[in-house]
Amino acid sequence: MRFLQPAKMTIPGGKFVRQIRIAAISGMAALLPVLAAAADTYITAERLLDVRAGKYLEKPAILVRDGKIVDVKTQAQLPAPADAKRIDLAGLTLLPGLIDMHVHMDSDPTYGGYTYLQFTDRFWSMIMVPQARRTLDAGFTTVRNLGASDWNDVGLRQAIEAGKVIGPRVVTAGYSFGSTGGHCDRTYLPPSFKASNPYSFDSPDEARKSVRAVRKYGAQVIKICATGGVFSRNTEPGQQQVSLAEMKTIVEEARMQGLQVAAHAHGTSGIKDAIRAGVNTIEHASLIDDEGIALAKQHGAWLSMDIYNGTYTALEGKKNGVLEENLKKDRDITDLQRENFRKAVAAGAKMVFGTDAGIYPHGDNAKQFAVMVKYGMTPLQAIQAATLNASQALARDDVGIVEKGRYADLVGVKGDPLKDVTVLETVAAVVKGGEVIPPAR
């Protein structure tokens, strides 16, 4: 008996099936099929926005294999393979699947103040499932979850990846953490409850250990609270709560572990120290000044400014149980943040789309686009913040752009988002990994 080399055989339709010649007896070879290539998917639409060039490709054709893009051309240039699955999104404008860089999937804004205490811990795990689906239905095929309780976001990511739950791709932070008594600590309950964030720190060494611990349990990005916040008690947004030395240690440790760092930072000094420490994305950046904007440009830090959610809180917060002290902080900071957003855009700072979803209802993420345009961005810049820029800030080359090698994540809308960005608030079609996602509603 003699063994021969593997060979390929062409079968009808032009596909190749790999064969292994397992034996040859008296010169006759036996053939065993081992693996057949999966059928391709061929997606067409009215036009496709090239977010790099800011131009439309008319009558696009997108060829997809195993969930990723193989080729993008016009329909005339790229005819459909004979045996390909066809998805015709006739009359729709396609964009890359949108990315929200700051969400909290296990938060529900309708339970503010102390009203959340009526529910058991696992309630928040359960509500993540429909909230993730609403987010995907809204066209956001990737999100970065910057803080969750009880590893809820890690569990959600695993369930989505295992095909048990329908939702976006989730980049997980696990627990966000900061100083004892700071914005990321448990600040609503009295001492008798002994409620605290298990990863709070009060020195560089403790901060380093917290980075290692949250990475161990599933953090894919490190989220720290450098300053006080709006929706915590006994903290003020302008207060710096983490030292420069602590932040440098966190960034050093995270980078050694291959992770990026996001910093909640409303206050001016906290923003600037976070940038000096090498933090990748500054969340909120509400009170950033001219020096802070210049530092962000110098260091290449991305600004993620959630300038929509103040509108929701002003209208619905009191009804939802948000305490007056928190409502006042939100009123005090909302307009300042929006004007500083305008200044940062005009100065050419690097911006990404981050909404803090969970402070307002999940699925309403796209309402922020119009506010970004109102405060200085062009529609293209706002869209790039949620696609091209976001993929760069995530250091990922598999999302955010419709091009060869990336996931076939697409959003279809009626109308021209470069003329009217509000058309993104009503999504007509969502494709994730080359599969159309039927709306849950």
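Thr-142 stands opposite Arg-169 in β11. The strands concerned are β10 (residues 140-145) and β11, which pair in the parallel sense over 4 bridges. Pairing here requires that DSSP finds at least two bridges between two strands. Helices (H or I, at least four residues) and strands (E, at least two) are DSSP runs, numbered from the N terminus. The model is predicted: local features need pLDDT of at least 70, side-chain atom pairs count only at pLDDT 80 or more, and totals for chains, interfaces and linings use all residues. Residues are numbered from 1 along each chain as its sequence is written, and side-chain values use heavy atoms, with hydrogens and water left out.

β10 and β11 belong to an open sheet of 3 strands. The strand order is β9-β10-β11, and the pairing is parallel. β9 (98-103) and β11 (169-172) are the edge strands, each pairing on one side only. From one strand to the next, the twist averages 15°. Strands of a sheet pair through backbone hydrogen bonds, either parallel or antiparallel.

Helix α1 (residues 122-137) packs against helix α2 (residues 152-161) at an angle of about 45°. Their axes lie 10 Å apart. Axes are lines fitted to C-alpha atoms, for helices over the stretch in contact, and angles run from 0 to 180 degrees between N-to-C directions. α1 and α2 are therefore oblique to each other. Angles under 35 degrees count as roughly parallel, over 145 as roughly antiparallel, 65 to 115 as roughly perpendicular and the rest as oblique. The crossing of α1 and α2 is right-handed. That term applies if the near helix is turned clockwise from the far one, and left-handed if anticlockwise, by less than a right angle.

The structure holds 1 disulfide, defined as a pair of cysteine sulfur atoms within 2.5 Å. It joins Cys-184 and Cys-225, with the sulfur atoms 1.9 Å apart. The torsion about the S-S bond is about 50°, so the disulfide is right-handed. Cys-184 lies in the loop between β12 (177-178) and α3 (204-216), and Cys-225 in strand β13 (residues 221-225), so the pair ties together parts that are 41 residues apart in sequence. Cys-184 counts as buried, at 12% relative accessibility. Cys-225 also counts as buried, at 2%. Buried means under 20% relative accessible area, exposed over 50%, partly exposed in between (1.4 Å probe, protein chains only).

An unreviewed UniProt entry annotates residues 93-436 as "domain: Amidohydrolase-related". The span is 36% helix and 15% strand, and its end C-alpha atoms lie 15 Å apart. UniProt positions follow the numbering used here, feature names are shortened, and annotations may be inferred rather than shown by experiment.
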